[in-house]
Amino acid sequence: MAYEFYEILEISREASADEIKKAYRKKAMEYHPDRHGGDKEKEKLFKEVNEAYSTLSDAQKKAHYDRFGSADMGGGFGGGQGGFHTNMDFSDIFESFFGGGFQGGGTRRRTNGVEGEDIEIRVKLDFAEAMTGLKKTISYSRKVVCTECTGTGAKKGTEPKECSQCHGAGQVRRRTQTIFGIMEQTGICDMCHGTGKIIADKCTKCHGERRETLRTEKEIDIPAGIDDGMTIKVRGEGNDGIESKTGDLYITFNIPDSIDGLTREDTNLYYTIEIDPVEAVLGVKKTVKLPVLGERTLEIKAGMQHGEILKFKGDGVKHISKDQKGDLYITVNIKVPTHLGKKERELYHEIAREKKIEVADEGFLSKIF
Ligand SMILES: [Zn+2]
Ligand SMILES: [Zn+2]
């Protein structure tokens with residue numbers, strides 16, 4: 001029981017917040033009810049994943065959970081909380097006896113239809129595209145209803161015939177000896193595979209598959225702020241169904257998290273510049289050119305220390321769904337020059353004398369080098 005939230009998300013107990021988020025996205029995608037049309041098992045897993053994430057993504061709840069191995073913050077398990085440990089019910093027992101091919105009761109009938117499957121693809125974006133969003137034409141393969149047979153699977157001019165075993169019902173009744181006695185079960189007809197129809201002459205184009213695979217181009221509106229690993233669902237752009245629903249298209253994006261020293265973390269951006277000690281001592285207004293963002297003017301105050309961070313509020317990446325932007329943070333490092341001109345060296349020596357600092361003797365140095 002204890003600590004199974006980590007098992008549900010398949011992560012270690014040492015996983016970072018980022019790793020937890022990534023694991024959650026992956027699992028939620030996998031079990032999302034939209035993709036499994038009423039599959040109760042997947043729905044249950046989806047609930048578990050959400051429950052695990054709602055605890056592990058909340059610092060306070062996670063700390064409690066890590067200590068006690070339970071999401072219960074006091075007051076006992078309420079509605080939904082921890083309620084996913086349902087016992088195996090009678091239908092599970094039937095499943096294990098009949099291999100899942102039989103449906104209890106026989107009230108549902110398999111139709112001649114084919115449900116359109118979802119399609120998952122991955123698309124690469126570059127750093128700047130993800131920041132600004134864009135319209136992008138993507139190319140992928142999808143199954144569409146065969147134009148030759150219009151989805152019957154039968155050769156042009158012929159029709160599929162009624163199945164002689166189930167007489168078009170798509171299912172047959174079978175009696176089976178079980179430990180509970182003789183059970184009568186309704187199962188899918190193995191002759192027509194539940195379609196109720198037999199195709200004598202197959203369509204020459206789709207070879208009886210009823211659908212054909214075509215390369216498709218689709219323009220997708222990608223919102224600003226999309227991040228690596230995020231998925232966009234495009235309804236109805238998966239595989240065609242026949243007398244049934246069409247699948248959806250799921251696009252997962254691959255996006256680099258940095259470009260030429262500019263690094264992105266969620267909606268914040270990070271960059272590092274180097275300044276001369278003189279700039280740090282006396283202060284300066286400095287214009288720097290950043291990748292993607294362009295020029296920014298930095299206010300280096302006299303006496304700035306090495307490693308200080310300047311914040312540019314709202315200069316980060318737009319949040320994908322909220323009307324707000326992250327920030328830009330520029331770390332200022334002081335770079336000590338390693339080569340000085342003659343005049344510069346003299347001036348540094350002058351400062352040293354003024355501050356009564358005994359610097360390394362130039363004559364002594366020249367003997368070494
Ligand atoms: Zn065809
Ligand atoms: Zn049949």
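## Close-up views of a predicted model

In sequence, the residues that donate to the zinc ion (ligand 1) follow the pattern C-x2-C-x53-C-x2-C; donors are N, O and S atoms within 2.8 Å of the metal (3.2 Å for Na, K and Ca), and water is not among the atoms, so sites may look incomplete. This is a predicted model, in which local features need pLDDT of at least 70 and side-chain atom pairs count only at pLDDT 80 or more, while totals for chains, interfaces and linings use all residues. Residues are numbered from 1 along each chain as its sequence is written, chains are lettered from A and ligands numbered from 1 in the order in which they are written, and side-chain values use heavy atoms, leaving out hydrogens and water.

**View 1. Four cysteines hold the zinc ion (ligand 1).** Look for the SG atoms of Cys146, Cys149, Cys203 and Cys206, which coordinate this ion at 2.3 to 2.4 Å. The angles among the 4 donor atoms run from 103 to 116°, and the site is tetrahedral (four donors count as tetrahedral if all angles lie between 85 and 135 degrees). For comparison, the ideal angle for four tetrahedral donors is 109.5 degrees. Cys146 has a relative accessible area of 1%, so it is buried (buried means under 20% relative accessible area, exposed over 50%, partly exposed in between, with a 1.4 Å probe and protein chains only). Cys149 is buried too, at 5%.

**View 2. The zinc ion (ligand 2) sits among Cys163, Cys166, Cys189 and Cys192.** Each of these residues coordinates through SG, at 2.2 to 2.4 Å. Why is the arrangement called tetrahedral? Because the 4 donor atoms subtend angles of 101 to 116° around the zinc ion (ligand 2). Along the chain, the donors of this ion are spaced C-x2-C-x22-C-x2-C. Helices (H or I, at least four residues) and strands (E, at least two) are DSSP runs, numbered from the N terminus. Both Cys163 and Cys189 are buried.

**View 3. Strand β10 pairs with β2 and with β9.** Of the 6 residues in β10 (residues 249-254), 5 are buried. Strand β2 (residues 119-124) runs parallel to β10, with 6 bridges (two strands pair if DSSP finds at least two bridges between them). Find Glu120 opposite Tyr250 in β10. Strand β9 (residues 231-234) runs antiparallel to β10, joined by 4 bridges, and Thr231 has Thr252 as its bridge partner there.

**View 4. Helix α3 is covered in part by other helices.** This helix (residues 40-56) has 17 residues and reaches 24 Å from its first C-alpha to its last, close to the 24 Å expected at 1.5 Å a residue; the expected span is 1.5 Å times one less than the number of residues. Among its buried residues are Phe46, Val49 and Leu56. Their cover includes α1 (4-8), α2 and α4 (59-68).

**View 5. Lys27 belongs to helix α2 (residues 17-31).** Is Lys27 buried or exposed? Its relative accessible area is 5%, so Lys27 is buried. Not counting residues up to four places away in sequence, Lys27 touches Ile8, Leu9, Glu10 and Val49 (contact means heavy atoms within 4.5 Å). The C-alpha atoms of Lys27 and Leu9 are 6.8 Å apart, although 18 residues separate them along the chain.

Key:
Tetrahedral: all angles 85-135°; square planar, octahedral: opposite > 155°, others 65-115°.
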